[in-house]
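Visitor: I am new here, and I would like a close look at one part. Where should I start, and what lies around it?

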Amino acid sequence: MLDSIKIKLQYLLPKQGLTCLAGWGANKKAGWLTQAVIKAFVGYYKVNMKEALYPNPEHYKTFNEFFVRPLRSGVRPVADHADGLVLPADGAISQLGKIEQGKILQAKGHDYSLEALLAGNYLLADEFKDGHFATTYLSPRDYHRVHMPCNGVLREMIYVPGDLFSVNPLTAANVPNLFARNERLICIFDTDFGPMAQILVGATIVGSIETVWSGTVNVTREGIIQRWTYPTAGNEGAVVLKKGEEMGRFKLGSTVINLFAANRIEFNATLASGAKTLMGAEFAHRVNAVAPAETVIVEDTIEQTETPAAE
């Protein structure tokens, strides 16, 4: 009964208004009130502040500063395997597997269209036909910066306006086409593993989605699809990111969906629905490549310093 009420509220609540209000409040410097909210959040969600670059909650002047807190150097070592990809975020695997007949599994009994997820771009959808997908859910307690699974050159970025349903497991199991109807930012990279999509999905009270190359993308929420294209590697203005580098962040976070082309990668055999994820751990490897028997990690590959996104 309670779950049914929660789902009905998702349809009835003014999600856009609540999100704007939450985003406004999370960005305010409210002194003792901000500190009280942060400390209450840490306690309620059992956030591990020992991993943070600044573990004292009083360091953060706004809730957003706390929410996108950087981690200490070396806390998330990046798996060093030339033919391997690493997990892009802390959280849990919602679903992963094959893209079959143009459909992606959302939850048991629910799937959605690859083409719809990619805002109706059938040419882009063809690049991932019969490929693989992975959906990673970031809970409130998680680290909310998103990193690169492999080296990549940004080809294009597409902002798709949409609903702001919650993306927790309960909603994913009960709201049809959830990820294809919510607001999202589609980032397409050219990589040594073929084309890769890294899609940041918005949700209720997700104040904003940022990338390291463009800053906040969904500032105005004008309700129109926007598309940006970028130069290829070696040309001025090219966006080139290495495996493990930060690519974006959620303010009051959400979900990341990765898409890979057919016959390019195989997921780590230990990953399944519900599996916990840590950014930098093994995610997948090239088809026909042999995963290392023992994970070798590169200590301090990522310099976890506070580097604000471009304005």
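Guide: Start with His-59. Leaving aside residues up to four places away in sequence, His-59 touches Tyr-54 and Glu-65. Touching, or contact, means heavy atoms within 4.5 Å. This is a predicted model, with residues numbered from 1 along each chain as its sequence is written. Local features need pLDDT of at least 70, side-chain atom pairs need 80 or more, and totals for chains, interfaces and linings use all residues, while side-chain values use heavy atoms, without hydrogens or water.

Where does His-59 sit? His-59 is in a loop, with helix H3 (32-45) on one side and helix H4 (63-67) on the other. Helices (H or I, at least four residues) and strands (E, at least two) are DSSP runs, numbered from the N terminus. His-59 is partly exposed, because its relative accessibility is 36%. The cut-offs are these: buried is under 20% relative accessible area, exposed is over 50%, and partly exposed falls in between (1.4 Å probe, protein chains only). Now look back along the chain to Gln-35. Gln-35 and His-59 are 24 residues apart in sequence, with 9.0 Å between their C-alpha atoms.

Stay with helix H3 for a moment. Trp-32 belongs to that helix. Trp-32 has 70% relative accessibility, so it counts as exposed.

Next, find Glu-51 and Arg-76. These two residues form a salt bridge, and their closest N and O atoms are 2.9 Å apart. The link joins distant parts of the chain. Glu-51 lies in the loop between H3 and H4, and Arg-76 in the loop between H4 and strand S1 (78-79), 25 residues apart. A salt bridge here is a side-chain nitrogen of Lys or Arg within 4 Å of a carboxyl oxygen of Asp or Glu. Arg-76 has a relative accessible area of 9%, so it is buried. Glu-51 comes to 21%, so it is partly exposed.

Now step to another loop. Asp-142 lies between strand S6 (132-137) and S7. Its relative accessible area is 13%, so Asp-142 is buried. Who are its partners? Setting aside residues up to four places away in sequence, Asp-142 touches Arg-69, Asp-90, Gly-91 and Tyr-137. Tyr-45 is 97 residues away from Asp-142 in sequence, yet their C-alpha atoms are 9.2 Å apart.

Strand S7 leads on to a sheet. This sheet is open and has four strands, in the order S7-S15-S11-S12, with antiparallel pairing. The edges are strand S7 (145-147) and strand S12 (215-216), each pairing on one side only. Inside the sheet, strand S11 (residues 208-211) and strand S15 (residues 246-251) run antiparallel and share four bridges. Strands pair when DSSP finds at least two bridges between them. Pick out Ile-209 and follow its bridge into S15: the partner is Phe-250.

Glu-210 is in strand S11 too. Glu-210 counts as buried, because its relative accessibility is 6%. It forms a salt bridge with Arg-249, the closest N and O atoms being 4.0 Å apart. Glu-210 lies in strand S11 and Arg-249 in strand S15, so this pair ties together parts that are 39 residues apart in sequence. Both Glu-210 and Arg-249 are buried.

Asp-163 and Arg-181 form a salt bridge, with closest N and O atoms 3.4 Å apart. Asp-163 is in the loop between strand S8 (152-160) and helix H7 (169-172), while Arg-181 is in helix H8 (residues 178-181). The two residues are 18 apart and link distant parts of the chain. Asp-163 has a relative accessible area of 31%, so it is partly exposed. Arg-181 is also partly exposed, because its value is 29%.

Finally, step back to the whole chain. How many salt bridges does a search of the whole structure find? The count is 11. The secondary structure comes to eight helices and 20 strands. The chain has 311 residues, and 51% of them are buried. Take the contacts with a separation of 6 or more: 77% of those come from residues 24 or more positions apart.
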